[in-house]
Amino acid sequence: MPEEEYAPVPLGQAAAVDTEDPVKSPPRPSSPATSTRKACFAVLQSWVSRKFMTGCVVLFPIAVTFFITWWFIQFVDGFFSPLYVKLGLDIFGLGFLTSLVFILLVGIFVSSWVGSTVFWVGEWFIKKMPFVRHIYSASKQVSTAVSPDQNTTAFKEVAIISHPRVGEYAFGFITSTMVLQTDKGDEELCSVYVPTNHLYIGDIFLVNSAEIIRPNLSIREGIEIIVSGGMTMPQVIASLEPTPHKSQNVRLNRVMTV
């Protein structure tokens, strides 16, 4: 075989290596000190990130609660504080305490016969106003739902219905009961209010009374579950047997006898 011709390469050219080409450039071995530094930095970064998020999770509800409480105090204090300022008493919180006492006195007055009559007359005038009556009716329904006096317009019970499809359930509140008369007979239906935006906006579903699951939850607990987005949901919910109210039975008998 003919011998291959060997061209000598100068020493300066042989030492020159193209560092931009990853194929030609040899890999640089990392020292143990560099690897240890990178590992320690990654662990420290992960630890700081977790602790920072933990602090945010802890402080966020406290900050929101403080902000809303402070705004509410300032809002309520603004009703009577200008009156005290004119009298020369510029004390923060005095208007807030006066507002609380005023609300208490209004509750005591409305609970009496004279107060309820005056309130009924004022409510009659408000309901005659074209635009104001809609705002008043909507706000009254929400306030009546959480009222300690469970009258006919308040939420009766917490309900769980199958919605929007079989196998999925939604929380709601039973607001009234009715009887649907068909060719197959009378069917007792419950009007279930399912909130879709916190509490003041929702949908109304007419559900068969036998298909409603009545959990062992109070109205207050049901409202807390909906407002909190399900974060206050108890781990175990038991179903209770339906207990018909006396007022509902009377209303049903009246409908059926008509």
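Accessible areas here come from the Shrake-Rupley method with a 1.4 Å probe, and for residues only the protein chains shown count as cover. The model is predicted, so local features need pLDDT of at least 70 and side-chain atom pairs count only at pLDDT 80 or more, while totals for chains, interfaces and linings use all residues. Residues are numbered from 1 along each chain as its sequence is written, and side-chain values use heavy atoms, with hydrogens and water left out.

**Exercise 1. Work out the accessible surface of the protein and the share of it that belongs to carbon and sulfur atoms.**

Step 1: the accessible surface comes to about 20,300 Å². Step 2: carbon and sulfur atoms account for 67% of that surface. Step 3: turn to the inside, where buried residues (under 20% relative accessible area; exposed is over 50%, partly exposed in between, with a 1.4 Å probe and protein chains only) make up 21% of the 258 residues.

**Exercise 2. List the order of the elements from the N terminus on.**

Step 1: Step 2: read them off as α-α-α-α-α-β-β-β-β-β-α-β-α.

**Exercise 3. Find the buried residues of helix 6 and say on which side of the helix they sit.**

Step 1: in helix 6 (residues 219-227), pick out Ile219, Gly222, Ile223, Ile225 and Ile226. Step 2: these cover an arc of only 160° around the axis (taken from the directions from the helix axis to the C-beta atoms), which puts them on the same side of helix 6.

**Exercise 4. Trace the largest nonpolar core and the elements that supply it.**

Step 1: a nonpolar core is a set of buried Ala, Val, Leu, Ile, Met, Phe, Trp, Tyr and Cys residues joined through side-chain atoms within 4.5 Å. Step 2: the largest has eleven residues, including Phe155, Phe171, Tyr193, Leu217 and Ile223. Step 3: strand 1 (157-162), strand 2 (169-182) and helix 6 each supply at least two residues, and helix 6 gives the most, with four. Step 4: apart from this core lies another, of nine residues, among them Ile174 and Val207.

**Exercise 5. Describe the two salt bridges.**

Step 1: look for a side-chain nitrogen of Lys or Arg within 4 Å of a carboxyl oxygen of Asp or Glu. Step 2: Arg214 and Glu157 meet this way at 3.4 Å, N to O. Arg214 lies in strand 5 (residues 214-215) and Glu157 in strand 1, so the pair ties together parts that are 57 residues apart in sequence. Arg214 counts as buried at 6% relative accessibility, and Glu157 is buried at 17%. Step 3: Glu224 and Arg220 form a bridge at 2.9 Å, N to O. Being four residues apart in helix 6, they are separated by about one helical turn. Here Glu224 is partly exposed at 36%, whereas Arg220 is exposed at 52%.

**Exercise 6. Classify the ring pair of Phe66 and Trp70.**

Step 1: rings of Phe, Tyr and Trp (its six-membered ring) pair if their centres lie within 6.5 Å; planes under 30 degrees apart count as stacked, over 60 as edge-to-face and the rest as tilted. Step 2: the structure holds six aromatic pairs. For Phe66 and Trp70, the centres are 6.3 Å apart and the planes at 15°, so the pair is stacked.
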